[in-house]
Amino acid sequence: MRDVAIVAFAQTDHLRRTDELSEVEMLMPVLHQVLDATGLRARDIGFTCSGSSDYLAGRAFSFTMALDGVGAHPPISESHVEMDGAWALYEAWVKLRTGEADTALVYAYGKSSPGELRDVLTRQLDPYYVGPLWPDSVALAALQAQALIDAGEADEAALASIAARNRTAAVDNPHAQLAGSVPAGDYVVRPLRTGDCPPVGDGAAAVVLAAGDTARSLCTRPAWIRGIDHRIEAHSLGVRELTESPSARLAAERAGAFERPVDTAELHAPFTSQEVVLRKALGLDDSVRVNPSGGALAANPVMAAGLIRLGEAAARIHRGESDRALAHATSGPCLQQNLVAVLEGETTHV
Amino acid sequence: MPDVLSAPLVVEFPFTRSLGPVQSAFLTGLRERTVLGVRTGDGKVLVPPVEYDPVTAEELHELTEVATTGTVTTWAWNPAPRRDQPLATPFAWVLVELDGADTALLHVLDAPGPEAVHTGMRVRIRWAPQRTGAITDIACFEPYEGEATGESTPHSGEFADPVTGIVTPARLDYTYSPGRAQSAYLNALSEQRTVGERCPSCRKVYVPPRGACPTCGVATAEQVEVGPRGTVTTYCIVNIKAKNLDIEVPYVYAHIALDGADLALHGRIGGIPYDQVRMGLRVEPVWTEGGRHPDHYRPTGEPDADYDAYKELL
């Protein structure tokens, strides 16, 4: 089957609020940026796939409004996942691998500002035994953090240093919402403090995928997707070992992440404690540059933050700053679902 | 007048769900102060019980009763309870492995403060005084001094008057902002004007404007006033009265191409018997006192528009 690469990536500045922008207004600039970067016009794209959630907008079929931004008339080949855009990228990758298209536009967006994100995310939980208790996203992450502390795998100081490292890295990221020195703050849900939690904000991202020689013609150094896989764990938190992420481990194995070392990893870890779990599951030691973008602790536009990890990893390959990068996206409480991709430049950068 | 509008938006729905045999037994059991788990093929007891083994996907039905006491396996202190959470005072979220179970149940623990909570602490269920067959029949857990028993006993899962469904209300509160283009449209309507936006590429005028041309995929910004008169391009006759709607049926709901617009919008047609509305009918908006949009459209009395004049707008 044909090789597929990420050939362009763009993201918005991530902001606490964007009241003046509708979703399509927020999205259009990044769509235009990736099309301009490749010289493609919207009607040249073989397949379009997006990721977003109606629950953020509080409106049914909200993604159909965003389609205005891609020029969906006359009709295009289009699909949508009610998930992070990383899973939309996976669907597009399958479409290109099977030869049904040569190019794909993948985009994702999320405006968390209209609602209360912690409450909104409770609606993705098991509606029989868990949802009626309204355990918010920080509470569930805090249970995982305490399990790590009890197991001796982290303490509050170690978690704070993860926050500091990510947000220091984000100083070089002009799109980041939180960068530089950020106070640890008070407990939100103990043991997690405000500093351990991602910023709540609005943002969008887009990538262009292309197959084989088309990729080479559109980009001087395409980021080839050498492997990509996603796995899910049981939905009940009480049957899972929260200090482990077997789904991330298996996805990485199937994506070929362990065949050779990676030099860069972009991890979708909105909470500091999740980076501890992921580093262990993915076997990342200090030789790997983790989250040079600042990761989700610097900007976490829900539904786009995972796609941004793939985009950031690809952009480093485009720029010659990485030869082999791992990109990870997550969804659901406590790293329930995990997607891992391995990206490579065609020739080793000297 | 603010440039960008915003308004409260409440999304609320009582989700009504039916229960399978295992969930029905578990939730009915809670109503009767009995906690049931389900035994897997390899002898593990899952509490709360599920219908399919999360490891093997094998269908599960062997119910077993576990204790109402247990051990905290992990916890998190919530200093600021949120709306709809089980306790209004600060509490701990806990995963509790009930005595006799091999997995943990998520719930909350009533404790005076975080220093009173630790992993491994012993807890017991505090039942809600009024129980209906829901996870909230467990009001919370509370500290309990007593050794683990570790036993579970087979249970038929049969109760009088079993619960077969639950209703879970879900309310989310938003502050909705329609963005620049739609705010401009709504602001103009408050002055009884209708504005669209012209695509810089194909020159079409979209109304209501959404800030993008769906054909060209580019931003629109040039504001264009359209109407007030327009042409009925197509219509339907509504015969069934919607709940809370203060309009007599039958009435006509139409697509109306306002003069100068390249897209038809929706509106009700009044001031003419419903069976005399026709394609090509020329109409104008009728505003009510203080209304933020036309109440309906009525005939202008002009001759009908030629089909060729609106055929592209159907």
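Pro228(B) lies in the loop that runs between β14 (222-226) and β15 (230-238) of chain B, and a cis peptide bond with an omega of about 0° joins Gly227(B) to Pro228(B). Helices (H or I, at least four residues) and strands (E, at least two) are DSSP runs, numbered from the N terminus.

This is a predicted model, in which local features need pLDDT of at least 70 and side-chain atom pairs count only at pLDDT 80 or more, while totals for chains, interfaces and linings use all residues. Residues are numbered from 1 along each chain as its sequence is written, chains are lettered from A and ligands numbered from 1 in the order in which they are written, and side-chain values use heavy atoms, with hydrogens and water left out.

Another cis peptide bond, with an omega of about 5°, joins His73(A) and Pro74(A), and Pro74(A) is placed in the loop between α3 (63-66) and β3 (78-81) of chain A. Most residues other than glycine have a negative phi, and most peptide bonds are trans.

The loop between β11 (324-331) and β12 (337-344) of chain A holds Cys334(A), and Leu335(A) is also placed between β11 and β12.

Just after α1(A), Gly39(A) takes a positive phi of about 75°.
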